[in-house]
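Colleague: I've just opened this one and would like a tour. Could you take me through it?

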Amino acid sequence: MDYFAHETAVIDDNCQIGKGTKIWHFSHIMSKSKIGENCNLGQNVVVSPSVVLGNNVKVQNNVSIYAGVTCEDDVFLGPSMVFTNVRNPRSAIVRKNKYLKTIVKKGASIGANATIICGNNIGEFAFIGAGSVVTKPVLPYALIVGNPAQQIGWVSEYGHTLNFDEDGFGTCKESKEVYGLKDGTVFKFKSQ
């Protein structure tokens, strides 16, 4: 094995787990799931069949990642955050063939106890605040909070709020990288 799994973790047959990944206490990795390299899955995490996690994904304690969810590289899933995969679940009605897909794009962070309603993709480097309930798609670099979640600003790839001047330029206070805002879209300028 090129990965670590705590002795209490359950790893089903026919799943892929990348080199350097760590799977902690009481977690369950189901068959047909695919987990990239250098991921960290905390205590009591469930990865359902056909879920895909990219490289360097951090999943905190008590997160269930249901069928239909894909997390690209460098995604952060905070403690006890929630994904759904059916919009109108009923115990007596089987809707396994109606799972909606949700993609969490590269570098996005989802805070503790947030809920992502299925079918709503999360853009690159977006930041979902703790306890937020996401009911619509999220733009790249968007800062989202509340119930229902609303965009209140923009963040850098380092997770700092971006303040744009009258010309549409903003600088990350940590990385000093420069971003542009044009027509409701944020982009990062390439380094020289």
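Modeller: Let's begin with a bridge: the partner of Thr171 in β23 is Val178. This is a predicted model, where local features need pLDDT of at least 70, side-chain atom pairs count only at pLDDT 80 or more, and totals for chains, interfaces and linings use all residues. Residues are numbered from 1 along each chain as its sequence is written, and side-chain values use heavy atoms, with hydrogens and water left out.

Colleague: In which sense do β22 and β23 pair, and over how many bridges?

Modeller: Strands (E, at least two residues) and helices (H or I, at least four) are DSSP runs numbered from the N terminus, and two strands pair if DSSP finds at least two bridges between them. Here β22 covers residues 169-171 and β23 covers residues 178-182. Six residues sit between them in a hairpin, and Lys176 in that turn has a positive phi of about 70 degrees. The pairing is antiparallel, over three bridges.

Colleague: And which residue has a positive phi in the hairpin of β23 and β24?

Modeller: β23 and β24 (residues 185-188) run antiparallel and are joined by four bridges. Lys182 has Thr185 as its bridge partner in β24. Two residues lie between the strands, and the one with a positive phi, near 55 degrees, is Asp183.

Colleague: How many aromatic pairs are there?

Modeller: Rings of Phe, Tyr and Trp (its six-membered ring) pair if their centres lie within 6.5 Å; planes under 30 degrees apart count as stacked, over 60 as edge-to-face and the rest as tilted. By this rule the count is five.

Colleague: Why is the pair of Phe4 and Trp24 called tilted?

Modeller: The ring centres of Phe4 and Trp24 are 4.9 Å apart. Phe4 is in β1 and Trp24 in the loop between β4 and β5, so the pair ties together parts 20 residues apart in sequence. It is tilted because the planes are at 50 degrees.

Colleague: Is Phe125 buried or exposed?

Modeller: Buried means under 20% relative accessible area, exposed over 50%, and partly exposed in between (1.4 Å probe, protein chains only). Phe125 has a relative accessible area of 15%, so the residue is buried.

Colleague: Which residues does the ring cluster with Phe125 contain?

Modeller: Phe125 and Tyr141 make a stacked pair, 5.6 Å centre to centre with 20 degrees between the planes. Phe125 lies in the loop between β17 and β18, and has a positive phi of about 60 degrees although not a glycine. Ring pairs link the cluster of Phe125, Tyr141 and Tyr179.

Colleague: Where is the cis peptide bond?

Modeller: Most peptide bonds are trans. In this model, Pro148 sits in the loop between β20 and β21. With omega at about -5 degrees, the cis bond joins Asn147 and Pro148.
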